[in-house]
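Please examine the model below with attention to its aromatic side chains. The discussion begins with one such neighbourhood and then widens to the chain as a whole.

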Amino acid sequence: MALVERNEELRTLNRLFADCARNRGQVALISGGVASGKTELLHTFAEHAAGKGATVLTATGSRAEHSLAFGVLKQLASAQTLPEAVAANVASLLSGDTAPADAARPDPVSIGRSRALILEGLCAALMEAAKTTMVVLCVDDVQFADGPSLQALLYLQRRMRFARVMIILTEWALPRPTRAVFRAEVTRQPNTTHLRLAPLSKRGVEDLLRAELDAATARTLAPVHHALSGGNPLLATALIEDYRAATRTGGGREKEMAVGQAYGHAVISCLHRWEPAMLEVARGLALLGDAGTPALVGRLLDMSTESAASVLEVLELAGLLDGGRFRHPVAKAAVLHGLGKADRAARHLRAAWLLHHDGADAAQVADHLVAADQADGQWAVAALRHAAQEAQVADRLDLAMARLDLAARSCTDETEHADIVTQLLRVEWRENPAAALRHVTPLLDARASGTLADHNAVHLAKFLTWYGNTEDLAGTLAGLAAVACDPDHQAAGYLGLVVRWLSFITPGATDRIKSMPRPTGTDDPWSRGAAVLDAIRTGSADGDTARAAEYILQSCRLGEQAFGAQLCALAALVHADRIDRAATVCDALLAEATSRRAVTWQAVLGALRGEIALRQGDLPAAAEFARVAADAVSAQGWGVVMGSVLAVRVAAATAMGDHQLAATLLRQPVADAVFQTQFGLQYLYARGAHYLATDRPHAALSDFQRCGELMGRWSIDLPAIAPWRVGAAQAQLALGNREAARALITEHLALPGCRGARNRGVAMRILAATVEPNRRVSILAESVDLLHAGGDRFELARALTDLSQAHQDTGACEKARAVARRALQMAKRCQAEPLSRDLHPAREVETYQSEAENLSMDVLSEAERRVAVLAALGHTNREIGGKLYITVSTVEQHLTRVYRKLKVTRRTDLPAGLPRQLLAEDR
């Protein structure tokens, strides 16, 4: 170790050496913390003195030899530099000591007659040697020296004032010195100089680094190395070793601090230099962490508070601690590394009890219980549950699961055990649904034995739905329905809503429930949710439904209890044709779930966002949202909801023309339980659409008809879930059965849930294909207007394509080309490749050139031009208003004036080249 920032002390020793050479005996006492550089300073001076011709005698105090009489003195006498005659004389004197060891009296005052004679002889021998050469006695770690040797040193000090003898002692700087009497005797003599070694400063640490590394690196690392070492040279040197090791192995980047094995070893080395209490107290502090006070450390180790405080002060002086805490986790880990597993567990359990007894925070108690992997008694189970709840609120699911798992393993009460397992299932599902599945069976057993409370049975029903355990779900929901029908039950409203919602999602598994709970009629959240659900079930979702859904979404923060209600409200917005609003809200919830690292919530909301994007005709976004959601959770973890995720991916891939991907996705196995849920309906519809797009109309018709049969059996024939008649009608058209197709579409249009613009617009497009060519234009024009309002760009592109063909069939070629160009623009925005291929690109160039020659936009105002461009690009009035920060009414007024000035009657008549013509004029 390099000698850094010790030049002043070294100069003082050299000055004392020079005074000693003039027959003025000197004593130097060097005090410093553990591994502060005392020994290095001593050795450096000893080499200097030996180089000047002095006889240098060295010894080191040892805790293991502190009871060995004259142990240190014998080390001094054995030096080869001592003249043989003197050495023989000293050895003879020491061998004659028969006095008992005085280890029990570490600071003796009286030395006794026999020992005084020995010491007088020793002093005489050393004084005789000093007549021919200077004698320098160096004793390192004098606090560990044996009593007789200390007596000898004091005896010599009192008689060497005018001799060429110099004594240099090093000691630990302790709050309460162990050799208090000896130290007092040494320091009160006039020929004693006391040198105190301070920790290295930042500049000192930088100098230490400069000796080993380049100047720039030393300057960069110095502040951090000083903070981590506390100015302790041993620790600072260890950090240099760690830095070099990291640089060699590539584990650290250039000029970055590294803390590793060498630092940990240096910490242990410091602790082993003193009595065992130092290591034990360090371990107690490391184990207690931020709760480590002298009093608590003392109680943990069965020692007094004063003793623990004394050791902690030593550790602070040594630079191992900063404000009573370890300077780096590596130090803490190194201190605890030597503890055996059983010993560490016992200490953690005792620490947990002490903290609990002192009324500490439940999280602190729980951390020790988890570390011990034991929970001894009801107090421990209660602490674990409370701490798990805190961790769950803070989105620390890993901590919550560890605490609940230990609580479940330690709980002896069956009802409470079921309660804990329910909570564990709820928490683990948020992070890993596949792993959480293992908790379902114990809860089913608890339900069978009657130890599962109603509020836990509700959660069990939710997860039985998720995992597709339809057999047990039916019985569980039936029991809950009976409870929910009791108006006197305090949770009847909540239980009723859950039963109704789960029954709506899984109609194939719950059609045996005879008595379905009804809304309570009060203005509580459960009644509001029930009203929204009723509107969805009856296909009557409208503006009032959307407003109720908005209220639910605005009054709930994303959380486990609110998650189901939020999904229900989002579904209501979709069913009420508020697709854009549903997308905005879903984006906000998805962002929050992402920031809170709730994996399953992210996946579910991502899948729903994909479905919303599909209804908006944003095919790339739908595909990406669904793909990310599918990758976030394993197929087993998704349970029956995988049917919906696959449906979105297949539908998007089919619309974009990636039939190979769609076929690959459809080859994934799907559990039978999926087809007892709404997700199975979505899957069947998407698969039928894929069959239809790949020229397999019979297979498509079979899937659409099966979808219709299930929906009819379950009494949820809602177009917003799966418009099976629209699909079946397209399959019938592909098979040449126009009348059958018309009958299906007529039925579809008569359904209560078909009042929305999107559903009706899609149906009108299919209806146009079943009528005579001269009627198609008006029907398709209505379809286009409806789809503009509905906001589905892909379906709008399809309707525009059909309208273009209808114009072509009636001889309106110019209109056909204009509409085709708009359809092509829309198809490209959706990345609907099959649709884009059907629309001949040459038409766009040809017609644009003719329009560009004849079209003048001078008649439009700046505001009208902006609105016209966005309308020509296919944006809805609501979207235009949002982009231009104006109301929908203002958009409509601008469009009315645009139509009048350009002599057109509707949006579909706007020239497709309008955006580029305006751009060309702006240039």
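In this predicted model, Trp501 and Phe504 both belong to helix α25, which covers residues 492-505. Because they are 3 residues apart in that helix, about one helical turn separates them. Their ring centres lie 6.0 Å apart and their planes meet at 40°, so the pair is classed as tilted. The class follows from the angle, because planes under 30 degrees apart would count as stacked and those over 60 as edge-to-face. Trp501 has a relative accessibility of 18% and therefore counts as buried, since the limit for that term is under 20%. Phe504, at 3% relative accessibility, counts as buried too.

The structure holds 10 aromatic pairs. Another of them is formed by Phe17 and Phe45, whose ring centres are 5.9 Å apart; the planes stand at 80°, so this pair is edge-to-face. Phe17 is buried because its relative accessibility is 8%, and Phe45 is buried with a relative accessible area of 0%.

Ring pairs can also join into a group. Trp429, Phe463, Trp466 and Trp638 are linked in this way into a cluster.

The charged end of Arg63 sits over the ring of Phe144, at 5.9 Å from the ring centre. Likewise, Arg159 lies over the face of Tyr155, and the distance to the ring centre is 3.5 Å.

How many helices and strands does the protein chain contain? Its secondary structure comprises 48 helices and 7 strands. Of the 923 residues in the chain, 55% are buried. Among contacts with a separation of 6 or more, 68% are between residues 24 or more positions apart. The accessible surface of the chain is about 39200 Å², and carbon and sulfur atoms account for 52% of that area.

The mean pLDDT of the chain is 86, and 89% of the residues reach 70 or more. Over residues 100-109, however, the pLDDT is below 50, and this stretch has 20 contacts in the model beyond near neighbours in sequence. Residues 842-854 also have a pLDDT below 50, with 23 contacts beyond near neighbours in sequence.

Conventions: Residues are numbered from 1 along each chain as its sequence is written. Side-chain values use heavy atoms; hydrogens and water are left out. Helices (H or I, at least four residues) and strands (E, at least two) are DSSP runs, numbered from the N terminus. Buried means under 20% relative accessible area, exposed over 50%, partly exposed in between (1.4 Å probe, protein chains only). Contact means heavy atoms within 4.5 Å. Accessible areas come from the Shrake-Rupley method with a 1.4 Å probe; for residues, only the protein chains shown count as cover. pLDDT is the predictor's confidence in each residue, from 0 to 100. Rings of Phe, Tyr and Trp (its six-membered ring) pair if their centres lie within 6.5 Å; planes under 30 degrees apart count as stacked, over 60 as edge-to-face and the rest as tilted. A charge sits over a ring if NZ of Lys or CZ of Arg is within 6 Å of the ring centre and within 35 degrees of the ring normal.
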